[in-house]
Amino acid sequence: MSKIPIMLKSNGNWDNYGRFRDFEVDAIVVDDNANYGILSSTIAEQLSIDTSDKIIEIKYIVNENCPPMEIRNDMGVRAYMETKKENKNLGSYPLCISVRDFNMELAINNESTSAGSSGSLNLLEFPSSPAIEEYQSEIITESTQTYIEEGQVYQDKQTVAAAMKNYSVMHKFQFRVKRSSHRSYWLICVAESCKWHFKATSINDSAMFKIRSFSRQHTCCLMDETFIQRKRTAAVLGSMVVPKYCDPKTVYTPKDIQTDMLSEHGLNLSYMQAWRAKEKALQFLRGNPCDSYNKLPKYFYILEKNYPGSVVKLKKAADDCFLYAFVALCTSINGWQHCRPVIVVDGTFLKSAYMGIMLTASTMDAAGTIFPLAYAVVDSENDASWKWFFEQFKEAYGERPSMCVVSDRHESILKATSVVYPGLAHYSCMWHIWTNIRSKFKKGHLQLHELYFATARSYTMDEFNERMLKIEEVDLRVKSYLYDIGYHRWSRVHATVNRTFTMTSNIAESLNAVTKDARELPIFDLFEYMRTLLERWTKEKLSKAKGTFTYLGHKYNKELEDNSTLSQKLRVRASTDHIHTVLDGVKRYIVCLENKKCSCGQFQLDELPCAHALAALRHRNETYKNYCSPYYTRKSLLLTYEMPVNPLPDKGKWEVPQHILDEVVKPPAGDKRQPGRPHKERYKTFDEIKSKKYKVSCGNCGGEGHNKRTCKNAPKKK
């Protein structure tokens, strides 16, 4: 590193030929690796220029044939230094210094500035001048600026302050505010002897701030241990990691924050510091959970305005505390007419600050995939909340012939459906009953599992009775338990309404899995997540339906292909035009095409031609299309998703009446989540915890710890 002597020409003026005249001469000496900040501050100190009120313009002449070159940043200084090194004489390449007053630089006021939606600042009604055009392209609106230098213009003081906080974190030093007002922002190092300083002032009386002086070099020694104890570290780090949490599905743990901060910025954080940074980031991104409830009235107003025909309800307690909220979009209401009237309902717990339960209702479309119908947030799964949910559902969807509900047999669901929908068929999820059997009778072996599910899916009474006898042989208590529930609740062949392929509540559980991460969001963001989920699913499924060229949807077309393969080996003997005898080895099946029935039971219960029916149709040289349920066709699939879920306008463009804006919604009056690390998983019952660990059970006596072969309670053989 060497010293470079530089001649300064000041107090002169430029003529029309690019020559600097009537100047005074001075000189400075700087290091050859100096940056723009050091050069400008050295010039200002030598010439006694107050940079808080003046702007320094630095130019030099390379040769007489070129206009003067201006030094504006570090790159300009480096170019000048490389040129100067060729001739280090004091008089070579002198710097011509001009000084301008701030008031002459830019004449604007606060009323002539407005922030654009794209993150840049638009200036309106300015006098046309080169200086103003330059600022239009260089105004900084983001606080995550990685490089800070003199001359930068920021949209306001808050942006400058946030940018300097981020800068201090990345470079691991501390500063303190020496002066702060609506017109100036002056920072110095915490060490009294250090010459590091930063100064920014407003441009005239506008909100914009410009960096006037910035000395990057520290003359003190700052330790990382001192830096990380600062109180604002969590807030600054949180602002740096906010983009990581925009998608609620993204998993970015405090451990990840520790790793990234160490590798990218050299900061060695403790786990708790990283955890607090994550909490701050979530607070910056999602706001206060308490305020989220107050956004619901205007959000629901916008939903009703943009989606005419939707049913959106908000119920409050007498003290304006949130109680229930329900949403059924018009796109789901319109698509429901083209789906089988089998509703699967379920409730799942929320993991936000005020907890609660999210209730959902969904069905299957013609492709066999999830079609959400409605969703709501309530305090808990109780009689009142489920009754209110079904009342709103009935208002939105009404009641259709052969309509039925499938659930996990929650008592409140049973009571609510019987009140709101008298006489409505209500069925139980097979998996839920099997879980109860395992926990109640300690029966979890494969034989009983296969027997139970085969019994539930039986197509004929003969099959059902035969399999129930086998269950009785395994454990009489299981048969009694299934009888007490009611065969019509879980058996397909005993169902009073045809539930076809919907034997479980798996589609509701799948929807719960999709919303698992979103259930940590505040209530406003949760409802918006559900809307965007429907928007995305509707677009994707409509596109997939248009790319489907089979008569049936994917799930049912595959089922039909499997049946078609089985039908190839069957023999057919026609009795009449519509009645056929189908021979499968030694077994004989009677198919009536006119009534769409088969003695195997599958044709009428699945509402899809079974292997025997397909064999009869092939014998008649007739297509299967007239014998499939219309709810399985590609046409129904296209009609289900014909109405799109259009995006909502930007929040800044919402036009909401004043009486809606004035409506107050307070957080629920129930218990709030305790501070600290939240519980992520559902609290399990004692029986579930005990049954988690597999235990050997006896097939004879039902006891644990031994099997049928070593059972001592079996009667002795004589």
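**Figure 1. Strand E18 and its pairing partners.** Strand E18 and strand E19 (residues 357–364) pair in the antiparallel sense over six bridges; helices (H or I, at least four residues) and strands (E, at least two) are DSSP runs, numbered from the N terminus, and two strands pair if DSSP finds at least two bridges between them. Within this pairing, Gly 347 has Leu 359 of E19 as its bridge partner. E18 also pairs with E21, here in the parallel sense and over three bridges. In that pairing, Ile 343 stands opposite Val 405 of E21. Strand E18 is mostly covered, with seven of its eight residues buried; buried means under 20% relative accessible area, exposed over 50%, and partly exposed in between (1.4 Å probe, protein chains only). The model is predicted, so local features need pLDDT of at least 70 and side-chain atom pairs count only at pLDDT 80 or more, whereas totals for chains, interfaces and linings use all residues. Residues are numbered from 1 along each chain as its sequence is written, and side-chain values use heavy atoms, with hydrogens and water left out.

**Figure 2. The largest nonpolar core.** This core has 38 residues, of which Tyr 427, Leu 552, Val 591, Leu 593, Cys 598 and Phe 603 touch the most other members. A nonpolar core is a set of buried Ala, Val, Leu, Ile, Met, Phe, Trp, Tyr and Cys residues joined through side-chain atoms within 4.5 Å. Among the elements that give two or more residues to the core are strand E18 (342–349), strand E21 (404–407), helix H21 (523–546), strand E25 (587–592) and helix H24 (611–620). Helix H24 supplies the largest share, six residues. Leaving aside residues up to four places away in sequence, Leu 552 touches several residues, including Asn 557, Leu 560, Leu 608 and Tyr 624. A second, separate core of 37 residues includes Ala 361, Ala 374, Val 378 and Tyr 641.

Figure 3. Strand E24 (residues 579–584) and E25 are joined in the antiparallel sense over six bridges, and Asp 584 has Lys 587 of E25 as its bridge partner.

Figure 4. The buried residues of helix H18 (residues 476–485) are Val 478, Tyr 481, Leu 482 and Ile 485. They lie on the same side of H18 because they cover an arc of only 95° around the axis, the arc being that of the directions from the helix axis to the C-beta atoms. Tyr 483 and Asp 484, on the other side of H18, are exposed. The buried residues of H18 pack against helix H15 (430–441), helix H16 (446–456), helix H17 (461–474) and helix H19 (487–490); contact means heavy atoms within 4.5 Å. Gly 486 follows H18 and has a positive phi, near 110°.
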